[in-house]
Amino acid sequence: MMFTPRTRRALRRTLRRQLLPKLGVVLFGLLVVGALCAPLLAPHDPTTQQLDEKLRPPIGFSGQTEQTSSQLVDGEVKTVTETTTISATWTHPLGTDALGRDMLSRVLYGARTSLLVGLLGTTVAAIIGVPTGLIAGYYGGRIDDALMRSGDVMLAFPSLVLAVALVGLFGTATVRIPDPWVVLGITPAMPAHVVLPGTVVLVVGLVNWVWLARIARGEAMGLANAPYVLAARSVGASDRFILRRHVLPNALTPILVLATIQVATIILLESALAFLGFTGTTLSWGFDVSQGRDLLSTAWWVTTIPGFAIVFAVFAVNLIGDWFRDALDPGIDADGGGGP
Amino acid sequence: MVSGRFLARRFGHGVVVVWAIVTVVFLLRYSTPGSVVTTIAPLDASPQLKAQIARELSLHEPLHVQYATYLGDLLRLDLGHSYVNNTSVRQLLASRLPQTLDLAIAATIVAIVIAIPLGVVSATRRHTPTDYAATSFSLVGISTPNFWLGLVLVLVFSVGMGWFPVSGPARANGEVISAIDVLYAPQLAGRWLTHLALPAVTLGTYFTALLTRLTRSGVVEELDQSYVRTLRSSGLPPVVIRYQHVLRNALVPVVTVLGLQLGTLIGGAVITERVFAWHGLGSLLIDAINDRDWMVVQGCLIVIGVGFVVINAVVDGIYTRLDPEVSME
């Protein structure tokens with residue numbers, strides 16, 4: 001485990017004493033279970049269209065649709081508008097969208113996209129940012145200047161703007177990962193693959209590494225002259241060895257705290273890109289919100305429900321981030337990392 | 001006071017960052033597979049147009065000549081030609097900038113007016129229901145995607161209540177109006193505000209939440225300092241202590257983070273403009289990417305990047321006023 005016994009004790013103490021961390025653990029647990037077990041929990045295939053079931057409202061509400069058709073009345077073609085009331089059914093507890101796809105199933109499957117992009121995107125950001133920051137802080141001087149100035153340039157572009165431009169340039173490549181539940185034959189092939197928006201993972205990592213680099217740099221600067229680092233250097237340890245064995249482990253706590261906040265930021269960023277139609281996958285909460293835009297006056301749930309799912313997920317991750325921050329107190333301000 | 005040397009250094013640093021920004025934007029066009037002409041030219045460009053573009057941007061010349069042409073054009077404030085819209089990019093950007101500024105400034109005002117008092121109250125009444133309410137609000141606020149918030153606000157206040165227009169900027173005689181037009185024709189202010197209200201709240205919410213959190217943690221930290229106890233024992237009214245002494249010190253870190261987070265505001269503006277069919281830079285950028293109009297994308301990136309640097313320089317100026325120690329270096 002990456003935490004020392006002392007930090008683990010601090011985490012447990014905060015968890016026991018405060019309400020919000022407990023809530024965070026529960027909500028995040030639900031999110032992970034929903035994403036992992038989506039094929040077991042989803043009542044329908046999230047991509048199957050059933051047009052005769054379209055725009056069903058969630059349980060407890062009723063919806064109306066207007067249908068215009070041309071009919072021959074007294075030898076003349078007339079446009080007739082019929083309003084039909086659609087009632088909710090337990091077959092689709094959260095209703096259906098304009099193409100008759102089950103909202104609950106889409107929400108569950110959408111959690112996979114959000115979580116995967118959030119975690120992998122943060123990993124990409126960390127792979128770029130942490131070594132850069134550690135090297136800048138450890139060596140200082142010109143190397144520090146050069147690396148951190150390049151970071152300043154990255155910061156001048158809002159992450160969403162840069163992400164949009166990069167996705168526009170590189171297109172939207174996706175990676176199809178076989179769904180383990182389907183491969184093992186436990187559930188029938190609903191969608192047989194998890195479609196991971198590959199370009200988006202790289203791009204969100206690329207536009208967010210600076211925040212992690214800044215934190216890593218600050219830590220490394222403080223550690224560069226720590227007694228045990230000086231001792232290691234005096235017995236001839238290489239810089240590479242010192243960075244990996246002494247600096248990185250001691251800088252890890254604040255990096256992890258910020259990385260958690262970054263997961264939330266990146267989930268928001270992915271949903272924004274999906275809303276704009278720039279991710280290349282359509283099984284995503286942000287994309288579903290955009291699908292409901294033109295239905296606001298007739299079918300409010302098509303935008304509202306996937307939006308709640310985004311808030312739920314980001315809120316859960318932020319609660320975990322706050323818990324880590326409060327327990328470990330790494331001196332990060334409330335919000336060290338960019339937004340959507 | 002702010003020394004001349006400090007200002008000169010700050011200016012020099014800004015110039016270097018601006019140069020780096022325009023260079024990164026220049027290099028981006030070479031980062032795609034395929035030739036540069038295909039990146040810059042619209043999809044349906046004829047061979048003649050492609051040849052013309054190559055000539056105008058010296059694309060057949062070696063890289064350093066292309067770069068020199070590019071920098072030379074920028075110095076003359078020539079941002080090139082939009083081959084899709086068939087106008088100059090500068091004109092296109094100039095026509096959209098006022099709308100984005102309206103939106104960003106209105107959102108910032110919303111954020112400051114709500115967040116700073118809320119953060120102070122939350123910090124001074126720590127662990128009371130007021131504090132919990134403010135903390136929860138800010139936590140939900142930073143977790144809410146603004147495109148969704150915008151749609152929900154439209155659903156409730158435009159579709160439901162009918163108080164505000166659903167989308168689009170205010171227009172007079174078919175022309176989009178912005179704050180500058182309102183200055184000349186105050187009778188348009190009402191219309192302008194009803195159109196601006198929902199987008200401003202949408203964009204401002206994330207920022208309000210962020211600022212509330214920052215203000216709260218800043219004030220909490222300051223309240224523990226010994227000078228606060230001294231001021232209290234000297235009998236100063238709590239309001240004076242809070243807003244004149246504590247807040248002033250607590251704002252120093254808030255202002256720094258705020259400057260860095262301005263990117264978030266601009267990024268949020270892109271999405272908000274999309275939701276409300278706002279006639280600003282953000283909509284322009286998204287349209288340009290969809291139309292593969294690289295010259296416009298490039299222009300937007302430069303204006304946004306340089307704008308960020310300029311605003312941060314201003315923020316640094318405010319910073320030195322708030323904290324005299326900074327200018328001593």
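Start with the crossing of H7(B) and H9(B), which is right-handed (a crossing is right-handed if the near helix is turned clockwise from the far one by less than a right angle, left-handed if anticlockwise). The model is a predicted one, in which local features need pLDDT of at least 70, side-chain atom pairs count only at pLDDT 80 or more, and totals for chains, interfaces and linings use all residues. For selections, residues are numbered from 1 along each chain as its sequence is written, chains are lettered from A and ligands numbered from 1 in the order in which they are written, and side-chain values use heavy atoms, with hydrogens and water left out.

**Stop 1: the helix pair in chain B**

Select residues 146-160 of chain B for helix H7, then residues 189-223 of chain B for helix H9. Helices here are DSSP runs of H or I with at least four residues, strands are runs of E with at least two, and both are numbered from the N terminus. The two axes come within 9 Å and cross at roughly 145°. Axes are lines fitted to C-alpha atoms, for helices over the stretch in contact, and angles run from 0 to 180 degrees between N-to-C directions.

Now show side chains. On the H7(B) side, pick Asn146(B), Leu149(B), Gly150(B), Leu153(B), Val154(B), Phe157(B) and Ser158(B). They meet Leu198(B), Val201(B), Thr202(B), Leu203(B) and Thr205(B) in H9(B); contact means heavy atoms within 4.5 Å.

**Stop 2: two loop residues with positive phi**

Select Asn86(B), in the loop between strand S1 (81-82) and strand S2 (87-88) of chain B. Its phi is near 55°, a positive value in a residue other than glycine. Most residues other than glycine have a negative phi. Is Asn86(B) buried or exposed? Asn86(B) counts as exposed because its relative accessibility is 58%. The classes are buried under 20% relative accessible area, exposed over 50%, and partly exposed in between, with a 1.4 Å probe and protein chains only.

**Stop 3: Val310(B)**

Follow helix H13 of chain B to Val310(B), which is partly exposed at a relative accessible area of 48%.

**Stop 4: chain B as a whole**

Chain B has 13 helices and four strands. Its C-alpha trace spans about 80 × 55 × 40 Å along the principal axes. Of its 329 residues, 50% count as buried. Among contacts in chain B with a separation of 6 or more, 72% are between residues 24 or more positions apart.

Colour by charge to see 22 positive and 20 negative side chains, with the centres of the two sets 6 Å apart. Lys and Arg count as positive and Asp and Glu as negative, without His and the chain ends; each charge is placed at NZ of Lys, CZ of Arg, CG of Asp or CD of Glu.

**Stop 5: chain A**

Switch to chain A, with twelve helices and four strands. Its C-alpha atoms fill a box of roughly 100 × 45 × 40 Å, taken along the principal axes. Buried residues make up 55% of the 340 residues in chain A. The mean positions of its 25 positive and 23 negative charges are 16 Å apart.
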